[in-house]
Amino acid sequence: MKDPTTPDPDALLAVNDDASRGRLKIFIGAAPGVGKTYAMLQAARELARQGQPVLLGVIESHGRGDTEALCADLPRLPLRPIQYRGRRFHEFDLQGALQQHPSLILVDELAHRNIPGSLHPRRYQDIEDLLAAGINVWTTVNVQHLESLNDHIARITGVRMRETVPDALVQSARDLILVDLPPDQLLERLRQGKVYVPEQARAAMDHFFNRGNLTALRELALQTVANRIDHDVFTTMASQGVDGPWPVRPRLLVLVDGRGNDKAVVRAAARMAQRRRAPWSTLWVDTGQSPPDTQKQNLEAVFRLTEQLGGDTVTLHGHDVVAMALDHARHHNVTSIVFGRSRHRPLAGLFGRTLSQKLMRRGRDFELTCIASAPPRHRRRWRAPGWPPARQLWLALSVVAVSVLAAAVADHFLALPNLSLIFLTGVLLVASRTGMRAATFAAVLSLLTYNFFFTEPFFSLAMYHTQDILTVAFFLVIAMVTGQLASRLRNQVVNLRRVGDHNRSLLRLSRKLGGATGIQDVQREAGQYLSREFATVVKVVPAQDLDDDKELTGSLRTAAQWALESGKQAGHGTDTLGDLPQRIFPLRFRDQSLGVLLLGTDKLKGLDTAVLSHMETLANQVALALWRVQLSATLEASRVAEETERLRSALLSSISHDLRTPLSSMIGAASSLRDQAALLSDEHRRELLDAILNEGHRLNSYIQNLLDMTRLGHGTLKLARDWIAPADLIAAALKRTAPLTANLTLHRQVEADLPLLFVHPALIEQALVNLIENAAKFSPPGGEITLAARAEADRIVVEVSDQGPGIPEDQREKVFDMFFTGGDGDRGPYGSGLGLAICRGMIGAHGGTIEALPPANGSGAHIVITLPLMEQQPDGPNHV
């Protein structure tokens, strides 16, 4: 048992912060408008007056004049402009903050979602980078944005928050400051327009900001801060080795044994905890002695009652019930211990050995409450139920018989007192193999046989010599003491072995589930492992599959649905459809129902407290795995949704620019021809018609790119291959792009006698056209474009180089993504970002590659295409 005065190393590490990591302070409130930002700025100004540097990273004042006034005279980090959907936004400049590396920076609104194009999608991720860089951060958050409270907030307000922050970040904060405002005062601020504009304020008070919601949110905020303070108290006690309890918050612990008036004690403790608004738990200490079936059933019923009344259940293993209970109470800062009246044991009471007497004597630091109620009558201890099992009796008889034979042999050369050691060894053997009752039986039987066979007069229980009486008396005392010690040691070993088996089982299950990537994987791995572990049928049913599972019918489906919704166990041995052959465990994590676990009980010897506790632990591990894979799927879906939104926005922006520009030119030229035809010369009319024709070709090319990209994405683009010379493909591409390269210098470096390519000529030509168009658009007036082709082993290499601004190293892979335009908000001549993506698709469909490489002469872009060569010419075109 751990010495409570010894500091806990983990707690010491928690108290002593990593010097290389920044400290986080969070100002938390129940709702917007309570004054979190105002309180944070007031504290920052006080630090500034004391001469400590403070930097304002981002402050969301929402137009409030008093908040802006507090920002005056404090240095401010310029915000980073970001273009999104044609609008200009300003976001927190993380890179600028890291470069300045201030000692303290204020970053408002922890749950803020960044504009797409920022380094991180969420502001709390920016703050994590700042903390990792050793920068202290102050921030603000509302309680409804905590991830663990998401479901509670949705039930209370009817609104589910999309912007949530992980609880781990909040728990890692060095300080958590509560900024509180009574609901009436907050509503008055709303009416005065200090939170929202009047129209928004009226709508808010009718929905989210009603008095009931604000009261509930205030309670959640108070609980969050109270729990954090409670955690800090625990950490301080553990780090300093303080012997608890510290009576800072009431906590109740109920002691039960499964024999007496436990249910009455639990009900009384629940009422006490409700009056004091205190957490409470029920504790049973397993001493290693196999309890009878009635005691197991009573304990299970008591634990179920505890869970129904809102308490926790705890099972400990040890021989000293009082020592284990007090150690647990001190470690968990329990202030009150509740127990029932002990059984009537006159002899134990005479020596002060009853539970209540030992608690009164050793638990003087706690508030002790004894619930006085009449316990049920117990049968006399000397009756049959008090005897050890038959197997243990036979072992004791056998060991005593062997001891008699061994003593008979040793009697020829050993003194009489030494023979008692042989019987004492037998008693120790029985105690180490069985328990205290069998050891006592063996000690008494050894005493009788020792007296009967080896003391004078022989074969009689009478004694002639006084020293023989003392020898027998001391033998009995030593046998009883050593037997009890050996039995206690055996119980400890059994308990340790059981705990070790449970831990190994949990570790193996964790490893099995660690590699699961989907719900079906968790369902399969958990079901197979638990079925082997318990030698019975175990089935995991995720919540989304509960209605569709055909094996769940009738009462079993009803019980499973009830367990899923209530979060309580159902089925065999419970008060809910207890006649079912299955025990149903709910799989819950962070108050989220994830599924149920069905344990078949037909092949089990019994569902005692140890089995149920072990299964609950394993079920919690399965629930954690389900939550992990669901969270992973949710994050992946969110990422896909964000990527889809980005592509949709890019597509709309592209269409609005690349379709509108040629259409505007065509409409302008056509309207001029219609309205001013008589005033135009033939040359001007031809120019307008050429403009319409060119813009029409440009529009057709853009639409063809979209169609090609769609076909590539769906895998429906067919390759009508044919043999063609690389020089012919390059010549055709240059002819199509001649208008774009008229003011540029072209260098063709095509090797003679290049092998023929077996490709789809139109697609490769289009890929080359896209590359030349890009080079022409980015080249300065009078610039040079180099187009080279050569053969290398079993491939043809085509290179396109220009003298434009080039492609940054970190974007050389991204330029081949759809709609990537380098982040330039004003596209200008740079197009839609489809050209290179289409090139990669077309080249890849032929088994080739395309990549952006560093320019040979230090400037411009350098794109390289490789296309594989065929060894022999097929008979005709091949469609793949």
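Contact here means heavy atoms within 4.5 Å, and helices (H or I, at least four residues) and strands (E, at least two) are DSSP runs numbered from the N terminus.

## The model at a glance

Welcome to a predicted model, in which local features need pLDDT of at least 70 and side-chain atom pairs count only at pLDDT 80 or more, while totals for chains, interfaces and linings use all residues. Residues are numbered from 1 along each chain as its sequence is written, and side-chain values use heavy atoms, with hydrogens and water left out.

The protein has 26 helices and 23 strands. Of its 880 residues, 43% count as buried, that is, under 20% relative accessible area with a 1.4 Å probe and protein chains only. Among contacts with a separation of 6 or more, 69% come from residues 24 or more positions apart.

## Helix 13 against helix 15

Let us start with a helix pair. Helix 13 (residues 321-331) packs on helix 15 (residues 355-362) at an angle of about 45 degrees, and their axes are 10 Å apart. That makes helix 13 oblique to helix 15. Axes are lines fitted to C-alpha atoms, for helices over the stretch in contact, and angles run from 0 to 180 degrees between N-to-C directions. Angles under 35 degrees count as roughly parallel, over 145 as roughly antiparallel, 65 to 115 as roughly perpendicular and the rest as oblique.

The crossing of helix 13 and helix 15 is right-handed (the near helix is turned clockwise from the far one by less than a right angle). From helix 13, V322, A323, L326 and R330 meet L355, K358, L359 and R362 of helix 15. The residues of this contact divide into five nonpolar, no polar and three charged. Here Ala, Val, Leu, Ile, Met, Phe, Trp, Tyr, Cys and Pro count as nonpolar, Asp, Glu, Lys and Arg as charged, and the others, Gly among them, as polar.

## Helix 16 against helix 17

Next come helix 16 (residues 390-410) and helix 17 (residues 416-433), whose axes come within 9 Å and cross at roughly 160 degrees. That makes helix 16 roughly antiparallel to helix 17. Their crossing is right-handed.

On the helix 16 side, the contact includes L395, V399, S403 and A410, and on the helix 17 side it includes L419, F423, G426 and R433. The residues of this contact divide into 13 nonpolar, two polar and one charged.

Five strands form an open sheet in the order 18-20-21-23-22, with mixed pairing; two strands pair if DSSP finds at least two bridges between them. Strand 18 (745-750) and strand 22 (849-852) are the edge strands, each pairing on one side only. Neighbouring strands are turned by 10 degrees against each other on average, direction ignored.

Strand 18 runs parallel to strand 20 (residues 784-792), joined by six bridges, and T745 stands opposite E784 in strand 20. Strand 20 and strand 21 run antiparallel over seven bridges, with E792 opposite R795 in strand 21. Two residues lie between these strands in their hairpin, where A793 takes a positive phi near 55 degrees.

## Around strand 21

How many residues of strand 21 (residues 795-801) are buried? Six of its seven are, and the strand is mostly covered. Strand 21 also pairs with strand 23 (residues 862-868) in the antiparallel sense over seven bridges, and V800 stands opposite I863 in strand 23.

Two helices lie across this sheet's strands. Helix 24 (residues 726-736) lies across strand 18, strand 20 and strand 21, running at about 170 degrees to strand 18. Helix 25 (residues 761-778) lies across strand 20, strand 21, strand 22 and strand 23, at about 170 degrees to strand 23.

Technical notes
Buried < 20%, exposed > 50% of the residue type's maximum accessible area, 1.4 Å probe, protein only.
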